[in-house]
Protein chains: 2
Amino acid sequence: MDLKSRILSLLRTSEEYVSGQELCDGFGVSRTAVWKAVNLLKEEGYEIEAVKNKGYKLMSYPDSIAKSEIASRLHTKWMGKELHYLDETGSTNNDVKRLAEEGSIPGTIVVADCQSSGKGRRGRAWQSPPGTSISFSILLKPDIAPDNAPMITLLMAMAVADAIRKTCGLEAQIKWPNDVVVNGKKVCGILTEMSLESDYIHYVVVGTGINVNQESIPEELKETATSLSIEKGRKIVRADVLEHTIAAFEEYYETFMKTADLSMLADEYNEILVSRDKEVKVLDPKGEFSGISRGINKKGELLVELKDHSVRNIYAGEVSVRGLYGYV
Amino acid sequence: MDLKSRILSLLRTSEEYVSGQELCDGFGVSRTAVWKAVNLLKEEGYEIEAVKNKGYKLMSYPDSIAKSEIASRLHTKWMGKELHYLDETGSTNNDVKRLAEEGSIPGTIVVADCQSSGKGRRGRAWQSPPGTSISFSILLKPDIAPDNAPMITLLMAMAVADAIRKTCGLEAQIKWPNDVVVNGKKVCGILTEMSLESDYIHYVVVGTGINVNQESIPEELKETATSLSIEKGRKIVRADVLEHTIAAFEEYYETFMKTADLSMLADEYNEILVSRDKEVKVLDPKGEFSGISRGINKKGELLVELKDHSVRNIYAGEVSVRGLYGYV
């Protein structure tokens, strides 16, 4: 963590003024270094009061997801230890892919305030307007069979839902396989990409976009999408959501890696599955059918119970599942 | 095809002198343009005689795999229409990946005379010394399930074996899944890499390295590797091998894409399979066993018949197969 992040971390958790001397001693740096770092933070929008003989105090902070803000909050074991921030980029997934090819370590994260060409699944566009959304991608190098890697997307959906519940108090749920929804509308998109040899994963990139402080949603998406601030009725601190998402994802990922499947996580996933025990329509290219969603199994497949009580395992790649009544 | 390649193509197939006028008329360009192109070819090592009132004649050509040489030879439908050549590069697979991210068309090929950090499977190094080997990578965007993509590697092995038989008259065979061997020693390595979403292929890169004119093989590889010129006892024209490999691969690939499996190709593959009907030892991490190799099925799995006449399907990713007597 750089000096800026360390000072920020300390100021955020102090209710009293922190003396310059304390900062110098604590971090083993000069007064000038502290003064410079504080000035850089001020330039980034942090309101830091400096009072003679008392020290520094953080009065207010911007809704930033820049490097100092996130690094000062992260208490993960290994995720985000290499952290990059960009005001604007094409696509954070592409940035992480480039870093992966250059040899970056697992857990490397690229965060952007805004993406000019954010990617959704199958080449669809994903909107990430500046100042209101969160876009970030994580580099992973799991030593598992390529077939098991798509489950990682489900872990991120769980992590985002978890972070939304904790930071906003909203009832976030999951539309299988990996859409996070609040009040039936989508707030988060996840795109997992992989680079592999036949049987061997080079790396996995998990890209996540979260609608946080958008005040309105484009007309054509209004029916199915929303933002956290719209649902909560107030602005949300983006760094809060991002911090908790990364922390939760690290935990889910480590649990997943113990078995390379969801055997220890499927129950928790199913608790927040929107379609659970509801009727769903399965849009299989080989033929449409309806049944009752019984949640996922340890491979992440959705179990759909038909009228004759037989159960069909639905693999995410092949089909689309719709709720019969509303967006589940 | 550029003018240089078109002139080269015409001169190569003409036993007589070709007049400058004929070239101008044929390609709709000026005498100066022809003269410039001929000079460029001379600089690349082509010996072109120019005789007044008779025209141009190709007397000899270098052992080149540069763009003009390959483009002037290719009569494929779509493979190699975008063609790049580099005297030296890190890895042609990495070059094609970069081109893929930038939107290059399927069939795009990067050829290099030499790779400074050629890649084998699982990060192993692959030697591609200048002037003697062929290194090239092809970009593909097959609309098939990711599970089926590893079979593309087997198609390239068939194409290389086919080209070696046609151009050198050597009995090239395949060591399952995708090593091409001559007289029991490896002459070709293939590394297939993919970029995907969970269920959707962005692109596949098939990289191939062929040992052609190496006069000697490093001591530590001598037991298992060789070059075409060592086996044939004379120099081989590299462009000949590359031309036929690309042509054969286009055909095999199109056949494969009709069914997205090897149902129309497995018989041909099995005809040149070294281990066919021989005893093999299967080094499965779950336990070693021996049996008789009965060739591949339409999924590219090796069928091994055990002593009790039951048959086990061996999937390439999991195991390694060794011949009991020599390198099969």
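**Loops and backbone angles**

I began with Asp277(B), which I found in the loop between helix H9 (266–271) and strand S10 (279–284) of chain B, where helices (H or I, at least four residues) and strands (E, at least two) are DSSP runs numbered from the N terminus. The phi of Asp277(B) is near 65 degrees, a positive value in a residue other than glycine.

Before going further I noted that this is a predicted model, in which local features need pLDDT of at least 70 and side-chain atom pairs count only at pLDDT 80 or more, while totals for chains, interfaces and linings use all residues. I also noted that residues are numbered from 1 along each chain as its sequence is written, that chains are lettered from A and ligands numbered from 1 in the order in which they are written, and that side-chain values use heavy atoms, with hydrogens and water left out.

Pro177(A) sits in the loop between strand S6 (172–175) and strand S7 (179–182) of chain A, and Pro177(B) in the loop between strand S6 (172–175) and strand S7 (179–182) of chain B.

In chain B I followed strand S1 (residues 47–51) and strand S2 (residues 55–60), which pair in the antiparallel sense over five bridges; two strands count as paired if DSSP finds at least two bridges between them. Glu47(B) has Ser60(B) as its bridge partner in S2(B), and in the hairpin, with three residues between the strands, Asn53(B) takes a positive phi near 65 degrees.

**Where the chains meet**

Turning to the interface, I read that 23 residues of chain A are in contact with 23 residues of chain B, contact meaning heavy atoms within 4.5 Å. The two chains bury about 1,800 Å² between them, 39% of it on carbon and sulfur atoms; buried area is the accessible area (1.4 Å probe) that two parts lose on being put together, summed over both. Arg122(A), Glu197(A) and Asp199(A) supply 30% of the area that chain A buries against chain B, more than any other three residues.

For polar contacts (a pair of N or O atoms within 3.5 Å; within protein, one must be able to donate a hydrogen and the other to accept it, and residues adjacent in sequence count only if both atoms are side-chain atoms), I noted six residue pairs across the interface, both residues at pLDDT 80 or more. The elements giving two or more residues to the side of chain A that touches chain B are helix H5 (92–101), strand S8 (185–197) and strand S9 (200–211) of chain A, and S8(A) gives the most, with seven residues.

I saw that S8(A) pairs with strand S8 (residues 185–197) of chain B in the antiparallel sense over five bridges, and that Met194(A) has Leu196(B) as its bridge partner in S8(B).

**Salt bridges around Lys97(A)**

By the salt-bridge rule (a side-chain nitrogen of Lys or Arg within 4 Å of a carboxyl oxygen of Asp or Glu), two salt bridges cross the interface of chain A and chain B. I looked at the one joining the side chains of Glu101(B) and Lys97(A) (3.4 Å, N to O).

Within chain A, Glu193(A) forms a salt bridge with Lys97(A), the closest N and O atoms being 3.2 Å apart. Glu193(A) lies in strand S8 and Lys97(A) in helix H5 of chain A, so the pair ties together parts that are 96 residues apart in sequence.
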